[in-house]
Amino acid sequence: MASGGKRRGRVALIISLAAVLVVGGGAAAYLLLNRGAAEAAPARTESPRPEPSPSPTPLTAVEQLLADADNPLACAVSFAGEGAPADPQLQWQNGLYVALPIPAVAGKVFAGWYPTAADAAAFTPEARVNGAHPVVCDDQRIELFAAWKTPEENAAEGTRVPILMYHQFTSNPDGETGWLRGNYAYIGDFDAQMNHIATTGFYLPTWDELSAFIDGRLFLPARSVIITDDDADQSWFDLAVPVIDKYRLLSTSFMITAYRTDPPPSIYVLRRSHTNDMHQAGENGKGRMVNWTADQIAADLNASGDVLGVREVMAYPFGHYNDTAKQGVAQAGFEMARTIEPGYVQIGTDKLALPVVRIDYGMGLDALVSRIG
C-alpha cells in the first residue's frame with residue numbers, strides 16, 4: 001500500500017509540473033506572439049495639428065484710405081518734405097484739389113506743393129500744385145513735395161495780388177447801352193485777357209492761400225492773380241464760363257443767393273457769397289450792408305453760406321461796408337470780404353477789406369497787362 005501511494009504522488013507531481021509548463025509556455029508564447037505583432041505593426045503617430053492662419057498684413061495708410069473710399073476716382077495724396085503731414089489726404093480725380101494743407105514750420109514761410117523734389121527745390125511756378133489744378137493720379141496715388149522760404153525771401157518777393165472784378169459780359173464789340181454799360185466786358189477782350197493769364201506763367205491762388213499769404217505764412221509768386229465775377233449774371237454763364245473752361249482758369253462767382261442758386265457751371269468756378277438778400281438799397285439810399293445791424297447782417301450771410309455750403313469770403317454789395325458790416329461778416333464765420341476799392345492784396349492787408357482791380361467795358365488786353373503785368 002505504501003509503494004502504491006508513493007507512485008500516485010509522483011504521478012500527481014508530474015501532472016502539476018506539466019500543467020505549469022503548459023501554462024507558462026502559453027504565456028511565453030503569448031508574449032512572443034504579441035511582441036512580434038507589435039514589432040510588425042507600423043509606429044503609431046500623433047494626428048497633425050492644424051497650422052494657425054497667418055495674420056493678414058496691415059494695410060498702409062494709403063491703402064486703407066483707398067479701400068475705405070472704394071472708388072476708382074479716389075486719389076490718395078501723400079506729402080513729403082519738412083513739415084509735411086504724416087497722413088495722406090483723399091482727393092477726387094474728377095475735380096480740382098480741395099483744401100490742400102498749408103503746414104507751418106517755425107521761422108519759415110511755406111512755398112507750396114510740387115510734384116517732384118526737384119521742382120520744390122527750384123520753386124518752379126508752373127509746376128506748383130494747388131486748388132486751381134485738376135487731380136491727376138497714377139494708380140490712384142500721388143506724392144507732393146513741400147517747399148519753404150525764409151520770411152526775408154518772402155518779403156523780398158514784394159508780391160501784390162490783383163483780384164480782378166468783372167460783372168456782366170457782352171458779345172457786342174460796341175458795348176451795351178444804359179447807365180450800367182460800363183459794367184459790361186466785351187467777351188473778345190475777356191478771351192484775350194484770360195489767354196494772357198493762362199499762357200504767361202500766372203499763378204492762381206485759392207482763397208485759403210490768399211489768407212495765409214496775408215498772414216505772412218505762405219509765399220505767393222509775384223505773378224499771382226485772382227479772377228472774380230460779381231452778381232452771377234446770365235451773361236457770366238453764357239459767355240464767360242466757356243472761356244474759363246477753355247483756358248482752365250480758377251475763378252470765383254459771387255452769387256446773390258436770394259436771386260439764384262445755380263450749381264457750379266464748371267469745376268473751375270467757385271461759388272461764393274454776394275450776400276443772400278442785401279444787394280438792395282437801405283433807408284439812407286446806400287446798401288443794406290451799411291444800414292443793418294451786425295446781427296441782421298450775420299443772419300443774411302448765414303442764409304447765403306448755408307445755401308452755398310461754404311463761407312470763407314464774400315463780396316460787399318455795391319462795395320458798401322463799415323465797421324458794423326465787418327463785424328457782421330466775421331460774426332457769420334466769413335474770414336475775408338472783398339470791396340470795390342482799387343488796389344492790390346499784400347502781406348498785412350485787412351482781410352475784411354480786400355481791394356480789387358476793376359475791369360470795365362473798353363479795357364482790352366493792354367489795359368489788363370498795365371495793371372497786372
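Residues are numbered from 1 along each chain as its sequence is written. Because the model is predicted, local features need pLDDT of at least 70 and side-chain atom pairs count only at pLDDT 80 or more, while totals for chains, interfaces and linings use all residues; side-chain values use heavy atoms, with hydrogens and water left out.

**Stop 1: the strands around β4**

Select residues 141–149, which form strand β4. Strands (E, at least two residues) and helices (H or I, at least four) are DSSP runs, numbered from the N terminus. Two strands pair if DSSP finds at least two bridges between them.

Which residue of β4 is the bridge partner of Ala 80? It is Phe 145. Tyr 114 also stands opposite Phe 145.

**Stop 2: Asp 208**

Select Asp 208 in helix α6 (residues 207–214). Asp 208 has a relative accessible area of 28% and is partly exposed (buried means under 20%, exposed over 50%, partly exposed in between, with a 1.4 Å probe and protein chains only). Show its contacts, meaning heavy atoms within 4.5 Å: leaving out residues up to four places away in sequence, Asp 208 touches Ala 99, Leu 100, Ile 102 and Glu 312. Then select Met 336, which lies 128 residues from Asp 208 in sequence and 9.6 Å from it in space, C-alpha to C-alpha.

**Stop 3: α5 and α7**

Select residues 187–199 (α5) and 234–247 (α7), which pack at an angle of about 20° with axes 10 Å apart. Axes are lines fitted to C-alpha atoms, for helices over the stretch in contact, and angles run from 0 to 180 degrees between N-to-C directions. The two helices are therefore roughly parallel (under 35 degrees; over 145 is roughly antiparallel, 65 to 115 roughly perpendicular, the rest oblique). Residues making the contact include Phe 190 and Met 194 of α5 and Leu 239 and Val 243 of α7.

**Stop 4: α8 and α9**

Finish with residues 294–308 (α8) and 323–331 (α9), whose axes are 8 Å apart at an angle of about 45°. α8 and α9 are therefore oblique to each other. Among the residues in contact are Ile 297 and Leu 301 of α8, with Gly 328 and Val 329 of α9.
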